[in-house]
Amino acid sequence: MWSVGRRRAAGASLLGLLLALLVLGSGAAKTGAGFVTCGSVLKLFNTQHRVRLHSHDIKYGSGSGQQSVTGVEASDDANSYWRIRGDSEGGCPRGSPVRCGQAVRLTHVLTGKNLHTHHFPSPLSNNQEVSAFGEDGEGDDLDLWMVRCSGQHWEREAAVRFQHMGTSVFLSVTGEQYGSPIRGQHEVHGMPSANTHNMWKAMEGIFIKPSVDPSASHDEL
C-alpha cells in the first residue's frame with residue numbers, strides 16, 4: 001500500500017514564499033541563457049522520456065518506505081521544483097555557478113526532503129530505488145549527487161547527468177509507469193551506466209544571478 005500524506009496546502013504556501021524571496025533577493029532571472037547557480041529553484045527535464053523530476057508526500061509501499069520520487073509530463077506542477085544546495089559543509093555559495101564534477105544536494109521545495117538513493121530495489125524496474133529523504137533539507141551523505149557535464153560549469157542549455165556519490169548510480173528514467181494513486185507517473189531510479197536515459201536539462205525556475213564571473217579561474221571561485 002502507498003502512504004499518502006497531507007502536507008500539500010502548507011507546501012504550496014512555502015513554495016510561493018520561497019519564490020517571492022528569491023525574486024526579491026540579490027538578483028534572479030526566469031529566462032535567458034547562462035549557468036545554473038547555487039540556491040536556484042528549478043525543474044529538471046529528462047530529455048529521453050520528456051518528464052520532469054517530481055516528488056510528493058506519498059511514500060513507497062515497498063522498499064525503503066520513504067517519500068517517492070517520480071517523473072511527470074506536466075510542466076506546471078508545483079511538486080516538480082527542486083533547490084540546488086551544496087553539501088552539509090557548504091561549498092555552494094548562493095549565486096555561484098555549479099561546477100562540472102561538483103557535489104550538490106537537490107532539495108524538494110514543497111516537502112523539504114533531499115533527492116536520495118540507497119541499496120533498495122525500485123518498485124517497477126528492479127533498478128536502484130530513488131527517494132526523497134530528510135527533514136527541512138537535512139538528511140545524510142546519501143543525498144549527494146555529482147553533476148556530470150562538459151566544460152567547467154553547468155550550463156542551463158546543456159543536458160547533464162547526476163551521479164550518486166555514495167553508490168555511483170546515475171539518476172534515470174526508463175519509461176515504466178505507476179498505477180493508482182499516482183497513475184501515469186514514471187518511475188525514477190538509479191542505473192549503473194551512463195546512457196540516454198539519464199540526461200537531464202534545467203527547465204522552468206528562478207535562477208540566482210552569478211555572484212562571480214564564471215570565466216574566472218578556479219582559484220577565484
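**Histidine 189 and its setting in the predicted chain**

Histidine 189 is buried, with a relative accessible area of 0%; buried denotes a relative accessible area under 20%, exposed over 50%, and partly exposed the range in between, computed with a 1.4 Å probe and protein chains only. The structure is a predicted model, in which local features need a pLDDT of at least 70 and side-chain atom pairs count only at pLDDT 80 or more, while totals for chains, interfaces and linings use all residues. Residues are numbered from 1 along each chain as its sequence is written, and side-chain values use heavy atoms, with hydrogens and water left out.

Histidine 189 belongs to strand E13, which spans residues 186-191. Strands (E, at least two residues) and helices (H or I, at least four) are DSSP runs numbered from the N terminus. The side chain of histidine 189 meets that of glutamate 187 at 2.7 Å, and a polar contact of 3.3 Å links histidine 189 to the side chain of threonine 174. Leaving aside residues up to four places away in sequence, histidine 189 touches Ser122, Ser125, Asn127, Gln128, Val130, Phe170, Leu171, Ser172, Val173, Thr174 and Glu176, where contact means heavy atoms within 4.5 Å.

The chain as a whole contains one helix and 14 strands. Of its 221 residues, 49% count as buried. Among contacts in the chain with a separation of 6 or more, 67% involve residues 24 or more positions apart. The chain exposes about 9900 Å², of which carbon and sulfur atoms supply 50%; accessible areas come from the Shrake-Rupley method with a 1.4 Å probe, and for residues only the protein chains shown count as cover.

The average pLDDT of the chain is 86, and 80% of the residues score at least 70; pLDDT is the predictor's confidence in each residue, on a scale from 0 to 100. Residues 6-10 have a pLDDT below 50, and this stretch has five contacts in the model beyond near neighbours in sequence. Residues 217-221 likewise fall below 50, with six contacts beyond near neighbours in sequence. Where pLDDT is low, the predicted coordinates should not be read in detail.

The model holds one aromatic pair, under a rule by which rings of Phe, Tyr and Trp (its six-membered ring) pair if their centres lie within 6.5 Å; planes under 30 degrees apart count as stacked, over 60 as edge-to-face and the rest as tilted. The pair consists of tryptophan 154 and phenylalanine 162, arranged edge-to-face with 5.4 Å centre to centre and 75° between the planes. Tryptophan 154 is buried at a relative accessible area of 0%, and phenylalanine 162 is buried with a value of 0%. Valine 147 lies in strand E10 and is buried, with a relative accessible area of 0%. The C-alpha atoms of valine 147 and glutamine 102 are separated by 5.7 Å, although the residues stand 45 apart along the chain.

Charges are placed over rings at two sites described here, the criterion being that NZ of Lys or CZ of Arg is within 6 Å of the ring centre and within 35 degrees of the ring normal. The charged end of arginine 156 sits over the ring of phenylalanine 207, 3.8 Å from its centre, and lysine 43 lies over the face of tyrosine 81 at 4.7 Å from the ring centre. Arginine 156 occupies the loop between strand E10 (145-148) and strand E11 (161-164), yet counts as buried at 9% relative accessibility. Its C-alpha atom is 7.1 Å from that of lysine 201, a residue 45 positions away along the chain.

The peptide bond from serine 180 to proline 181 is cis, with omega near 5°, and proline 181 lies in the loop between strand E12 (170-177) and E13. Arginine 50, not a glycine, has a positive phi near 60°; this residue lies in the loop between strand E3 (41-46) and strand E4 (51-59) and is exposed, with a relative accessible area of 54%. Serine 168 also has a positive phi, of about 75°. The loop between E11 and E12 contains serine 168, which counts as partly exposed at 40% relative accessibility.

Conventions
A polar contact is a pair of N or O atoms within 3.5 Å; within protein, one must be able to donate a hydrogen and the other to accept it, and residues adjacent in sequence count only if both atoms are side-chain atoms.
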